[in-house]
Amino acid sequence: MEKPKVKNAAKAPAAKRKAPRKKALTAYSHEELTEIFRRFKVQRPEPKGELEHVNAFTLLVAVVLSAQATDAGVNKATRDLFAVADTPEKMYALGEEKVGEYIRTIGLWRNKAKNVIALSKALIDEHGGEVPGERDLLTKLPGVGRKTANVVLNMAFGQPTMAVDTHILRIGNRIMLAPGKTPDAVEAALMKVIPEEYLFHAHHWLILHGRYVCKARKPDCEACVIADLCKAPEKTTDIPAPLVPIADEQAA
């Protein structure tokens, strides 16, 4: 007797099903990545931050103040401030109102003045007035997020970090260098795919590339030294710009 047909036959055993393809962290090969960052290094061998500071503490304060503000605007405000308060103890002694007077030209200055005083007190109470060189400890300080911590770790402590700002987030997605919906996702991908020998300066190079070449409104592809390697769908040329050092230009 013929067996009745079974509706909705069982799916193939799990072992025989094709596993979903894992999304690539980058659209570039290791060789392409190495060439991209080699060219960035030729352009800017030793990029440095534009925020003016005299030590790790003043750098930390400057980065905290730079949120939603220009580096030039922060520098203008902090020159006089750091001349009188370059340690947590001196900054705390000034008080919130006095700090506010120095930084009044910076956006969100009231809240930032409050954070700077709280930050200074935390450093005094919890770290003996010293800026800690660990990300977890930095991000526990008032007003300090992951991006700020990464900048300080890189510039003050010489650690290879990736401080993802709007420029790096845009580039990571636009040219498919490290696509991701969040700064943390882009950071994690970049830290994995960037060749180790270029990792220390990589975030400065990418910030500069985003600020001066791969701009938000309209990328200047004719000025791009990686135009032939770039995989951005909207790029306008495959001819790279001349690879020459750029003098007197710094990163943020």
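Helix α2 passes helix α6 in a right-handed crossing, a crossing being right-handed if the near helix is turned clockwise from the far one by less than a right angle, and left-handed if anticlockwise. This is a predicted model, in which local features need pLDDT of at least 70 and side-chain atom pairs count only at pLDDT 80 or more, while totals for chains, interfaces and linings use all residues. Residues are numbered from 1 along each chain as its sequence is written, and side-chain values use heavy atoms, with hydrogens and water left out. The protein has eleven helices and zero strands; these are DSSP runs numbered from the N terminus, with helices (H or I) of at least four residues and strands (E) of at least two.

**Overall composition**

- Of the 252 residues of the protein, 43% count as buried, where buried means under 20% relative accessible area, exposed over 50% and partly exposed in between (1.4 Å probe, protein chains only).
- Among contacts between residues at least 6 apart in sequence, 62% join residues at least 24 apart; a contact means heavy atoms within 4.5 Å.

- Helices α2 and α6 pack at an angle of about 150°, with their axes 10 Å apart; axes are lines fitted to C-alpha atoms, for helices over the stretch in contact, and angles run from 0 to 180 degrees between N-to-C directions.
- The two helices α2 and α6 are therefore roughly antiparallel, since angles over 145 degrees count as roughly antiparallel, under 35 as roughly parallel, 65 to 115 as roughly perpendicular and the rest as oblique.
- On the α2 side, Phe 57, Leu 60, Val 61, Val 64 and Leu 65 meet Lys 112, Val 116, Leu 119, Ser 120 and Leu 123 of α6.
- The residues of this contact of α2 with α6 comprise eight nonpolar, one polar and one charged; Ala, Val, Leu, Ile, Met, Phe, Trp, Tyr, Cys and Pro count as nonpolar, Asp, Glu, Lys and Arg as charged, and the others, Gly among them, as polar.
- Helices α2 and α3 pack at an angle of about 145°, with their axes 11 Å apart, and their crossing is right-handed.
- Thr 58, Val 61, Ala 62 and Leu 65 of α2 make this contact with Val 74, Thr 78 and Phe 82 of α3.

**Nonpolar cores**

- The largest nonpolar core has 34 residues, of which Leu 60, Met 91, Ile 103, Leu 119, Leu 138, Leu 141 and Val 144 touch the most other members; such a core is a set of buried Ala, Val, Leu, Ile, Met, Phe, Trp, Tyr and Cys residues joined through side-chain atoms within 4.5 Å.
- Helices α2 (56-65), α3 (71-84), α6 (109-127) and α8 (146-157) each supply at least two residues of this core, and α2 gives the most, with eight residues.
- A second, separate core of 33 residues includes Phe 37, Ile 168, Leu 177 and Cys 230.

**Individual buried residues**

- Leu 81, found in helix α3, counts as buried at 0% relative accessibility.
- Not counting residues up to four places away in sequence, Leu 81 touches Met 91, Leu 94, Tyr 102 and Ile 103.
- His 201 lies in helix α11 (residues 199-212) and is buried, with a relative accessible area of 14%.
- Not counting residues up to four places away in sequence, His 201 touches Pro 45, Glu 46 and Pro 47.
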